[in-house]
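Let me put the structure up, and then I'll talk you through a few parts of it.

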Amino acid sequence: MSDEIVVRSPYDGAEVGRVPKHGREDVDRAVATAARALAEQPLPPWRRAEILDAAARLLADRAEEFARTIARESAKPIKTARTEAARAVSTFTFAAAEARRLTGEMVPVDAAQVGEGRLAFTLRVPIGVVAAISPFNFPLNLVAHKLAPAIAAGCPVVLKPASQTPLTAVALADLLVGECGLPADYLHVVTGAGGEVGAALVEHSDVAYVTFTGSSEVGWGIAAKAGRKKVALELGNNSPVIIEADGDWTQAARTITTAGFSHAGQSCVSVQRIYVAAPVADDFTALLAGLVDELVVGDPMEEATDVSALISTGERDRVASWIDEAVAGGAKIAAGGGMEAGVLRPTVLTGVTPDMRVSREEVFGPVVAIQAYDSLDEALRLADDTRYGLQAGIFTASLSSALRAARELRFGTVLVNEVPTWRADQMPYGGVRESGNTKEGPTYAVRQMTEERLVVIKP
């Protein structure tokens, strides 16, 4: 370690902490120690469950402390950060349940003559050292979605948190090792540049499993470099929601006011593309624009704040340029636009077209784009016209329309009368196409972090 990373608030640039700047040598030592720990001191399931139970209990007790760290280093509004802290408690709680019920199954080998007199069953064993690479936007709960299942599976982890938001991850690691009973050699946090530390983890021969959450471009690049390792990718999206004329479009507008702008739209399932049936499009747009204009922009530590800064000025300027580009192409600003005290105001665009970047790409900023449609056929076609496929939603009173959307939209999850931003931490969460190749949620992640070993006994 020859240097430090200074962590600054995206809102005002104030220093909020420092972490070591690790390199490849640090990664090598961490992986070697983790592999040795798995070989020499395997964790029995009861102990894994106790560690996870303790983590859930202590996180609940210190939720405010963690929320304030999240808000300071990521500019996530404090009330939104509190929600993230509560979700992390849930993630550890469900992982503890998985540690207790992780089992194999009986295999009826005597169903064939060759298996007569033999007993066969499977065991679930840890896959090996897990390399976890987490993003900046959920610095607690998305780290929890990697650490908690790994602990439940009995796997040691080398964690590389996002360089913009490493402090929450370090605090969580300190809690797990210092107070929850996780052996120190089972968890190593390496903080540094993705090009060096992340690459070293992905390429390391003693890493068995890589779990990555982030952009599609980086994620599929990791998969290409990982060789024979198992790679789990949870990637981007440009989340569509369809609002039928018979749906509760007033409730949809209220929900989207949060779902499109929470943490300044920096979520892979943040509502981005809104397709509204033409008969209600004007009324819906007017309602949504009015609600968005009421959102409070400012300091993330203030209780009233709804929207604060993007993770960097570079990202702020990129998103602003996409808005300007859309307007130059004929879109209109129905709400927001421009800056307020250096923060990009939450923006509602109308008159967008599918070729605009605010429709075609993942904005990852406080922008939603509205397009009217004349038929459900058209709406489904527009919603599905994307290289992504994480989550999509539809508001409708018609069971037939809901089931049609569920069958035809090529997304990992289709939500009915709910926005695509909704997630319960125990559900199978993940995408298709360029949005990923895995399902998160403790039940599903734990099984991916284990290998099935067949045991055959001949008495």
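Predicted model: local features only at pLDDT ≥ 70, side-chain atom pairs only at ≥ 80, totals over all residues.

Residues are numbered from 1 along each chain as its sequence is written, and side-chain values use heavy atoms, with hydrogens and water left out.

So, the sheet. Seven strands make an open, mixed sheet, in the order β11-β14-β15-β10-β9-β16-β17. Strands here are DSSP runs of E, at least two residues, and helices are runs of H or I, at least four, numbered from the N terminus. Two strands pair if DSSP finds at least two bridges between them. At the edges you have β11 (332-335) and β17 (413-416), each with a single partner strand, so one side of each has no neighbour in the sheet.

Now look at β15. Six of its seven residues are buried, so the rest of the structure largely encloses it. Buried means under 20% relative accessible area, exposed is over 50%, and partly exposed is in between, with a 1.4 Å probe and protein chains only. β15 runs parallel to β10, joined by five bridges, and Val276 has Ala372 as its bridge partner there. β14 also pairs with β15 in the parallel sense, over four bridges.

What about helices? α10 (residues 278-293) lies across β9, β10, β11, β14 and β15, at about 135 degrees to β10. For those angles, axes are lines fitted to C-alpha atoms, for helices over the stretch in contact, and values run from 0 to 180 degrees between N-to-C directions. The buried residues of α9 pack against β9, β10, α10 and β16, contact being heavy atoms within 4.5 Å.

How many does the structure hold? There are 28, counting a side-chain nitrogen of Lys or Arg within 4 Å of a carboxyl oxygen of Asp or Glu. One of them is Asp425 with Arg87, closest N and O atoms 2.9 Å apart. That pair links the loop between β17 and α15 to helix α4, 338 residues apart, and Asp425 is buried at 4%. Another is Glu440 with Lys146, at 3.5 Å. Those two sit 294 residues apart, Glu440 in the loop between β17 and α15 and Lys146 in helix α5. Glu440 is buried at 5%, and Lys146 at 0%.
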